[in-house]
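Here's a quick briefing for anyone opening this structure for the first time.

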Amino acid sequence: MNEKHHEQGSGNSDSEVIVRLDTALFNAGVVGLVNILERGGIQHQINRDQLTISKADLIKADLAALYVEAIIDRYKETTRLYTSMSKMNSILDMKKVDDPKQFKENIKYIVGSFVQQSVLTGFEVLKADGIENNIAENISKLKEDTFENLEATKSLIREIYNDFEKEEIQKTLYMKNIMYTKINMIWSGIAFLHKNQVKFNITKVLNDRLIDSIREMLISGKKQKKRCCVCDIECDNLQSLSFIQNLGIDDGKKKSPFWNYKPDLSACPLCTFIYTCAPLGFNSIDQDLIFINENETIDGLINANSKREFDNIENKSRFSVITQLILKEMAEKKRELNNIEVLINQKLSNDKTRYSLNVVDKRLIKIFTDCKIELNSISKNKVNIGNSSKPEWISVLETVLDCLFYNKALYNTIHKFLKYGAYANTLMQMLMIEIKRKKKEEEKVQNNIKRAWAVWNNGQEVKNRFNDGSKNENKLNGIVIKLQNAVRSENRELFFDILIRLYSGINMPIPSGFLNGIESDDDFKEIGLAFILGLLGEPRKEKEDKEGKGE
């Protein structure tokens, strides 16, 4: 690479190490590295895309201990062990068992958490380090318990809880859990994730296998012959990038004529460590990991991926998180953003992982900005696409965002949700989003919005005539189905034929909004759906009226 991404020395000083932003995964590592530097009080300075670190502080810092501490803080709440601690607390507070079934489920969950293979390996590490505990023994007794003697059960759980609260035990077991649920989604095969090192002390292995190499590199004055493929620094102690899941290429496989016998995908110890810090830059969505690569500045990356801000997001579905984080960035920067990369590491059903890179371009960013009100209004709505005996609820917001990200029209989704009896006022907000995203001229957007709400009101008027006692409500439902079929098949003649008969039957003139302005298929779908939703919807709130008028 021509541009260096970290250097020893800057200008006339040999006392600094410089790290610069690079690809999305490396940038996630830079965010994680800053977390460790701040946690350890290691002197550093951020200047846009450059991180300058005190070499002396870096050499003497206990990077391994800081890494483990940071990882646990980041991910412990995603582990089964963390949830088990909460369940144990609840049981210890019990005076009696009110719900035997739930009580047994909680016990089963607690037992399952402590017999995970990763946790069992953690017990072996603790034993090798001479740290005594009776967790495994008490879990075995708890597993055999009949759950009928509450006090006996509480006594066992109290002993498990008290053992687990000990700092070294908690640190080892949490870390073991996180290693195989989060860290190995991004990297594996080196340090404490090397198959020959899993039964040894995690911090010691990290020190011996990686951190000591960083110190040696920073201190050594020896002339080196090899170069890091990431930062281009001269260093003979290189690590193959094959440890990076799904992205690394084994340099052993490059020792062939095809690659001209040059295994050049190897990194220096510091760049390797930065890649291992990548999990600290990601946030967790269920089983997946997400990183917002807003890569103009390091501060921007840190803010965009703040765990505190991420935890405040209510809807943790993938596209919802992306949208809310980007809207937050726009609000804070108060300026137009360029394209933003969103790197998602997805856990698959076979325990493998894959990366997906979602590019949020200016088109999407403008839609998010223009449709903030509508997106917020549908954020908590769900639609049951199953049945009463076997419901299957899906998020309206996540479905809409999926269409926006993949540039799919919302009309089919609105029709689908209509079929399953979705709330018409919610579907009207979806129609507003579709109108706003399709039109480029602001004046045309506002005119179409006003027109759609006017037609909605026409539908409300017809609905009121059918609900006044003189008309058959079932007849209106039949008319709605026919109108929907006409709109869905884009059959204007059929739609207007039904409309004429409908208005003739209630002795009302057809509103001019139906006759004027239908210049395209989109216009027809907008007007037709707005009328159908007006026939089905509830009266609008005052706030909606003002928005419809552009106030």
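Let's start with tyrosine 109, which counts as partly exposed because its relative accessibility is 25%, between the 20% that marks the limit for buried and the 50% beyond which a residue is exposed. You'll find tyrosine 109 in helix α5, which covers residues 100-114. Keep in mind that this is a predicted model.

**Around tyrosine 109**

- Two charged side chains lie over the face of this ring: arginine 80 is 4.3 Å from the ring centre, and lysine 87 is 5.1 Å from the ring centre.
- Leaving aside residues up to four places away in sequence, tyrosine 109 touches Arg80, Thr83, Ser84 and Lys87.
- Tyrosine 109 and lysine 87 sit 22 residues apart in sequence, while their C-alpha atoms are 8.6 Å apart in space.

**Helix α5 and its partner**

- Two packed helices are described by the angle between their axes and the distance between the axes.
- For α5 and helix α8 (residues 150-164), that angle is about 30° and the axes are 13 Å apart.
- The crossing of α5 and α8 is left-handed.
- On the α5 side, the residues that meet α8 are Phe103, Ile107 and Phe114. Their counterparts in α8 are Leu150, Thr153, Ile157, Ile160 and Phe164.

**Aromatic pairs**

- How many aromatic pairs does the structure hold? There are 13 of them.
- Take tyrosine 67 and phenylalanine 273: their ring centres are 6.0 Å apart and their planes stand at 50°, so this pair is tilted.
- Tyrosine 67 belongs to helix α3 (residues 63-75) and phenylalanine 273 to helix α11 (residues 269-276), so the pair ties together parts that are 206 residues apart in sequence.
- Tyrosine 67 and phenylalanine 273 are both buried.
- Phenylalanine 495 and phenylalanine 524 make another pair, with ring centres 5.4 Å apart and planes at 90°, so they count as edge-to-face.
- Helix α22 (residues 492-505) holds phenylalanine 495 and helix α24 (residues 521-536) holds phenylalanine 524, so here the pair ties together parts that are 29 residues apart in sequence.
- Phenylalanine 495 and phenylalanine 524 are buried too.
- Tyr67 and Phe273 also turn up in an aromatic cluster, which they form along with Trp187, Phe192 and Phe243.

**A lysine on the inside**

- Is lysine 463 buried or exposed? Lysine 463 is buried, because its relative accessible area is 15% and the cut-off for buried is under 20%.
- Look for lysine 463 in helix α20, which covers residues 442-466.
- Not counting residues up to four places away in sequence, lysine 463 touches Leu476, Gly534, Leu535, Leu536, Gly537 and Glu538.

**The whole chain**

- The chain contains 25 helices and twelve strands.
- Of its 551 residues, 51% are buried.
- Among contacts between residues at least 6 apart in sequence, 67% join residues at least 24 apart.

**How confident is the prediction?**

- The average pLDDT for the chain is 82, and 81% of the residues score at least 70.
- Residues 8-13 stay under 50 in pLDDT, and the model gives this stretch ten contacts beyond four places in sequence.
- Residues 542-551 also stay under 50, with twelve contacts beyond four places in sequence.

Methods:
Residues numbered from 1 in each chain as written. Predicted model: local features only at pLDDT ≥ 70, side-chain atom pairs only at ≥ 80, totals over all residues. Heavy atoms only, no water. Helix = DSSP H or I, 4+ residues; strand = E, 2+ residues; numbered from the N terminus. Buried < 20%, exposed > 50% of the residue type's maximum accessible area, 1.4 Å probe, protein only. Contact = heavy atoms within 4.5 Å. Phe/Tyr/Trp six-rings, centres within 6.5 Å; stacked < 30°, edge-to-face > 60°. Lys NZ or Arg CZ within 6 Å of the ring centre and 35° of its normal. pLDDT = per-residue confidence, 0-100. Axes fitted to C-alpha atoms, helices over the stretch in contact; angles between N-to-C directions. Left-handed = near helix turned anticlockwise from the far one by under 90°.
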